[in-house]
Amino acid sequence: MCGIVAYIGKEQAFPIVLKGLKRLEYRGYDSAGIAVLNENGLNNYKRKGKVSELEDFAAKQDTGGTIAIGHTRWATHGLPNDINAHPHMSNDGEMALIHNGIIENYDSLKAELLSRGYQFQSETDTEVLVHLIDDIKKRENVKTAEAVRIALNSVIGAYAIVVLSKDNPNELIAARKSSPLVVGIGKDGDFYLASDATPIIEYTNEVVYMEDEEIAIVDRATGLRIFSIQNKEKTPYIQELELQLEAIEKGGYEHFMLKEIHEQPRSIRDCFRGRLNVEDGWVGLGGIKDYEQQLANAKRIIMVACGTSWHAALVGEYLFEDLTRIPVEVEYASEFRYRNPIIYEDDIVIAISQSGETADTLAALNLAKSKGATILGICNVVGSSISRVTDAGSYTHAGPEIGVASTKAFTAQVTVLTLMALTIARNKGSINESKFRRIITELDLVPDKVAEILKKSPKLEAIAETYKEASNALYLGRGISFPVALEGALKLKEISYIHAEGYPAAEMKHGPIALIDEAMPVFVIATKGTSYEKVVSNIQEVKARKGKIIAVITEGDEQVKAMADHYIEIPDTDENLVPLLATIPLQLISYYAAVKRGTNVDQPRNLAKSVTVE
């Protein structure tokens, strides 16, 4: 992984592919490359580092031509360097290939190819694939597309690939399995291929989302044809993109992350637009309408997710158990399938993923599906793999999230989970009318309250300035605010590289209290609610060890305000909705700390936005 862009048409290909790779920089990467085919041959340019370094390197090279493939790599097999960067070439220089995913049986394939005389330049699993296709093409005396098909039948693992062959300057061949790939259909015979729609949207809004084990042949003369790897031709299903170009621009903000934090009043409202009506007193999610009764009757719900989405799932656990009285288990998707989990046919499994492409989450879903469970999805990207493999689900409608560190995706996921819990609770009769009305009234006010918190940015920036050189930080919360503590810690370490941990506040005494001294900032979610007095006691324990308290409190709370070294007031709301407000100041503090430390906020080191390998 991490990003694929390719073009074939009438225009100069290199600038289009280069611009596309820049659009995909948000996904995280460590090297970049572009192969261009023209009358002088197949030219391959690749460099460790940013796309701008590739651009500088290729500036004086022969990059002319109307067909090209490009890639940004996030290292899996082999160090980030020029040699391991994609595209990879066949030994004779006649073929180039780019690849997202992991070829799990690359070692045995490599041994066979070595015995046939192939030489390997890189440490990657990808180079095995280009040599395998080349070997089949020559031994079987078949065309490139057929060689790709045969090769993929012997491959174990995940892939999204695009192949460019010198012997056919009018054709690109692409294929996918468990890694996303979209084909854009442009005007006058132009075609675009990419990992997601962001590099395509300025050229066309007509796309085909490739399915698993499909091969696409894009030809200047015959257009787009799609086959299964079993060689059955399929009719491409063309969809219209709803994505707007301005949604993937910074819009005057210094970073995408800051823009996305400030978009949350709109993204939360867009999430419940048409799904909530305070005046008439109803909520509803059209995507799960056919499964509402099944959800209400469920004996157990399992939520699977990774990273920030896992934290949203933890909030969902509190919401569902409080409102629906249905037991909920929250699982790391990356661990779920490897511990031989017990799954019953009447279980409901809900997968949560911003991209809808998270490989571990997809694997967990497929396992649950094989056991007969009903699988639902919550994701942000229309047409993504999770949205296609699940029985039903709901989109968050947050708009594209470009910053690697999730912000608006978290609040959007929590909003959908809130709506889902309320819908089930109403159908099941596990919530009384007054509580239902109170929560939906408060939920309708959340966007305006988030906007109020965003106005406190100068104060939050000052807090970040105070603690920007901290080596460690502790985040504490109780009840439904505990996942907020986890998410706050994750944001800080993701983008500022300050080590941070989130804990249930009561657990502090069972180990982490040993770390507290006068240099330790301790962030505490101390809003009014059922655990308020207990959290106050935990704050006193930190103060007794000279720890520095940064408290997120309910407006008007004088008790904690007097105890804290710093405080951030948030508007009062229903306790179930506190995560939607309390997470906002923690996002901003992390952002400002990262900026002041000089880190790359939108592209933090070693991270990728869409983790499409296990």
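A residue is taken as buried when its relative accessible area is under 20%. The legends below refer to a predicted model.

Figure 1. The side chain of Asp196 forms a polar contact of 2.5 Å with the side chain of Thr198. Leaving aside residues up to four places away in sequence, Asp196 touches Leu24, Tyr26, Arg27 and Val182.

**Figure 2. His99 and its polar contact with Thr126.** His99 is part of strand E6, which covers residues 95-100. With a relative accessibility of 1%, His99 counts as buried. The side chain of His99 is joined to that of Thr126 by a polar contact of 2.7 Å. Helix H4 comprises residues 126-140.

**Figure 3. Helix H5 and the elements packed around its buried residues.** Helix H5 consists of residues 144-152; seven of these nine residues are buried, so the helix is largely enclosed by the rest of the structure. The buried set is made up of Thr144, Ala145, Ala147, Val148, Arg149, Ala151 and Leu152. An α-helix has 3.6 residues a turn, so residues three or four places apart point the same way. The partners against which the buried residues of H5 pack include helix H4 (126-140) and strand E6 (95-100), the strand that holds His99. Strands E7 (159-165) and E8 (171-177) also pack against these buried residues, as do strands E12 (214-219) and E13 (223-228).

**Figure 4. The whole chain, as context for the close-up views.** The chain contains 19 helices and 27 strands. Its radius of gyration is 25 Å, close to the 25 Å given by the globule rule for 614 residues, so the chain is as compact as a globular protein of that length. The C-alpha trace spans about 80 × 50 × 45 Å along its principal axes. Of the 614 residues, 61% are buried. Where contacts join residues at least 6 apart in sequence, 71% of them link residues at least 24 apart.

How values were computed
Residues are numbered from 1 along each chain as its sequence is written. This is a predicted model: local features need pLDDT of at least 70, side-chain atom pairs count only at pLDDT 80 or more; totals for chains, interfaces and linings use all residues. Side-chain values use heavy atoms; hydrogens and water are left out. Helices (H or I, at least four residues) and strands (E, at least two) are DSSP runs, numbered from the N terminus. The radius of gyration is taken over C-alpha atoms; the globule rule is 2.2 Å times the number of residues to the power 0.38. Buried means under 20% relative accessible area, exposed over 50%, partly exposed in between (1.4 Å probe, protein chains only). Contact means heavy atoms within 4.5 Å. A polar contact is a pair of N or O atoms within 3.5 Å; within protein, one must be able to donate a hydrogen and the other to accept it, and residues adjacent in sequence count only if both atoms are side-chain atoms.
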